[in-house]
Amino acid sequence: MALSSLNPSNVLGELGRLANWFKGDCLTSEEFAGLPVTEKLENVQLLDKYNLRNPSKGTLYFATTHLIFVDHEMRKETWILLMHISTVERLPITTAGSPLLVRTKTFQSVFFVIPRERDCHEMHQTLLRLSQPVHIDELYCFHYKSTPDDLPKSAGWNFFDIQTEYQRMNVPNDQWVLCTANKDYELCDTYPSEVYVPARASTAVLLGSASFRSRGRLPVLAYLHHNKAAIARCSQPLSGFSARCMEDEQMLDLIRRANPNCGYMYVVDTRPRINAMVNRAAGKGYENEAFYENIKFQFSGIGNIHVMRKSLQKLVETCEQNTPTMSSFLSGLESSGWLKHIKSILDTSWWIACAIESGVSVCVHCSDGWDRTAQVCSLAALFLEPHYRTINGYQALIEKDWLSFGHKFTARCGHIACDGRERSPVFTQLLDCTWQLLRQRPEAFQFNERFLLTLHDHVHACQYGTFIGNCEKDRRDLRLSERTFSLWGYMASHLNEYKNPLYNPKAHPDTLRPDLTAQSIRFWRGMYCRHESGVHPREPLGDLLPASVEHCSALDHHINYLAKRINTFKNLLSRRKDDNNKDNAIVNYRNGNVNSVAIEAKTEELQIDNKFIYESGGSLSEMESANHDHPLKETSANSQSTKPKKIPLITEKLDASLPASLALLEKEVNTVALDWKSVKNVTECSCSTPLDHYSRKHHCWGCGRCVCTRCVRGRSPLPALASARPAPLCAACSPTSPPPAPPPHTNIN
C-alpha cells in the first residue's frame, strides 16, 4: 500500500517556504516514484560509517511525506518517512559542507552533508516542524487515501470487540459482570466504556475505589484464567502516609473472593520500592498492608518512563559507533542497562503468570497504570494463553490491554509536538520482550519477527488511525473509525508475510515456560541495527523456510498437472475409436495437427512399436503382434497375413482444456518455473528497487526470480498447475496485470 499526497495547511506552508531557499539547486514541481516532490537538492553527500572515504553522492528530494536520497550512480535510494524522524541535529560545518544528522524512531541514523550552510539550516528547521505537527488533526492518517484495489476504510475497525474478548474467557459469569457505570467515561475517562468488575461490587464501592485511585483507575478485570484466578489492574492508591479508603479495601477483597479456589491474593507494584515510597510525599504511594486483609504485596523494580528513555538513548549511541569494537559495544550495551530492563519486565510477567497458574489472583499497578502495568499484564497473558500467541490473538491483546485501557500512544511515541519527557519506548519494550520469547520458542508463535517490526514501525508512522490518541475516549472523539484506515485491515491483507513457518499450535498448548536466565536475554539486532548497510547477516530462517514451502507447493501442483496430462495421453493411446464421432474435430497428437477426417475411412501407414499394436489391435494376440523373426512365431503365409498393415490414427475428440498442438502443449508446461532463484544475496529487484536483508522478497512462480512487493502484485492461475489458486507473478510473466503501485519505499514496511 503506497503513501499518497498529504495536504494539511502547515505542510503546504513549509513547502512554500522551501521554494524560496532552494533557488538555483531546485527544479519545478515534479514526482518521484508517485510522490509529489516540490523541491530537490543536488550534490548532497550521504556518509556511511562503514565507508567514510567514499560517501554516496546524489540528489535529496523533499516529498510531502518523505525525505528521499537517490544515488543515481549506485542506483541506491534511502527513504525516510517524515513522521519517523525522531531528532534532527546540525553538526559543525566542514570543508565538504554542512552536516545534518537525522535519527528516526525506527533506529535509522542518516548523515547528510549539504553543500550550502543556508540550505542546511532551512532543512533543519523545516524537518523539525514537519516531523512533529502541532495539532493531532494534521497527522497523516487523516489525509491518507488508500489505493482503489485495497481494503475499504471500514476494514479492520470491527476486528476487535472487548465484550467478545471477555466472552472468550467466559466472562460475564457468577463472579464477574459488565459494569455500565463508565458508559460515558464518567467513572474513569482513560478506561474503556465497558469494564468488568466483581459481581458483588456495589456502585458505592466502585465510586469510592475510583476516587481513591490515581486518575480514577480503579481495580478491574484484565484477564481470567480457566482456574478462576484473575489478573486485575489499576493505578496507585492516593494513600499518602496514612490515608485509607474502606471502599477500595472492599474492592480488593471482592476481587480476592471472586476466586473461590484461594483464600488470599497478591498485589504487585511494578515500581521499585523506593519510587513508591517517594510518591507518598505527593499524596500517592502504595497500599498499607495493615488495612488490606488476606493480601500479599510484592514490588518488582521496573524503571519508570524516564529511566527507559535514557536507557534507549544510550543503546542507540552504542549502535551508532563509527568503529565499534567488541569491547566498546559490550560495554556500551551494559552501561545502557537495556537488557537488564527487558529481563526485569519478563521476570515480573512470569512471576504473575506463575501465580495465576497456581490459582492465586493478582492485582497489578504502577503509578498511573498505563505503562508498566500494560507491559506485565499483557505478557503474563501471553505466557498463559496460547490464543494470544496467534496473529489475531496478539492484536486482540494490544487492543485490550493497551488501546482500550489507555496507554498514551500519542504522548509516548511523540506523534505531535509535546513535552519530550513524556516520550518513552514502553511499547517497544513489549515487542522486544515478545521477540525474546519468539526466539526461544519459535514453534509457540504463529507470527514472525517481521510482524513485530511492522507493528513497531506503524505505531510511529501515523499512516493508520489505530494507535492515534491516548485512550479509547480520545479515539471516539476523533472519530478515527470513520476518518482513518485501520492497521489491522492492512495487515489482514498481508497475512502471509507475518506467518511463522515453524508454528505448531500443539507444541505449547498451555503455559509457555521461558528461559529467563541472564545469558538467555539477547540483543535484538533485527530491531536496533536493521538499517546497518555495512553488515551482511544471513538471511533469516523465517524467510528461507516460507520460500522453500512455496517452492515445494508449486512443484506439487505442477506434478499433479503432469500426472493429469499423462493420464489423458494414456487414455488416448488405449481408447478404441468411436465410429459415431467421425464428423467431430480430432487432434492428432502424433503430428500435432488438427484434422477433420472420417475415422472409418482414414488410416495411415505408421511404424508403431509392437506393444502399441498389441494394445490397440483388438483381436490380435501377443504372438501375432510380435516381429516376424520371433523364434516362436510361425512363418506361414496365413499367420503373416493376420498382422495389419495399417494402424488406426491416434485421435480423440477435441477438448477445450487440451492444447491443440505439441507447440502449445510445450508452452503450457513451461508456464511454471522448476528452478527458483535463492533469496540469498539478492540485492536488487528487476524494477531496480534495492533489496536488503530486511526487505520482503517474493518469488514469481512463472520465472522463479526474486522480486519486490510491488512487482509481485499480479496474481493469476497458471495452466501448468493443478490448482485454480492464483499464483504470484512478476510483471513480465503477467502482462495483463495492472501497473504496479509505487515502490515499497513509499510505505513504511
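Q: What makes Arg-476 and Glu-472 a pair separated by about one helical turn?
A: Both belong to helix H15 (residues 472-478) and are 4 residues apart, so about one helical turn separates them. Helices (H or I, at least four residues) and strands (E, at least two) are DSSP runs, numbered from the N terminus. This is a predicted model: local features need pLDDT of at least 70, side-chain atom pairs count only at pLDDT 80 or more, and totals for chains, interfaces and linings use all residues. Residues are numbered from 1 along each chain as its sequence is written, and side-chain values use heavy atoms, with hydrogens and water left out.

Q: Why is Glu-472 called buried?
A: Buried means under 20% relative accessible area, exposed over 50%, and partly exposed in between (1.4 Å probe, protein chains only). Glu-472 has a value of 14%, so it is buried.

Q: How do you know which accessibility classes apply to Glu-249 and Arg-244?
A: These side chains meet in a salt bridge at 2.9 Å, N to O. Glu-249, at 10% relative accessibility, counts as buried, whereas Arg-244, at 43%, counts as partly exposed.

Q: What makes the salt bridge of Arg-103 and Glu-89 a tie between separate parts?
A: Their side chains meet at 3.4 Å, N to O. Arg-103 lies in strand S7 (residues 98-104) and Glu-89 in strand S6 (residues 85-90), so the pair ties together parts 14 residues apart in sequence.

Note on methods: A salt bridge is a side-chain nitrogen of Lys or Arg within 4 Å of a carboxyl oxygen of Asp or Glu.
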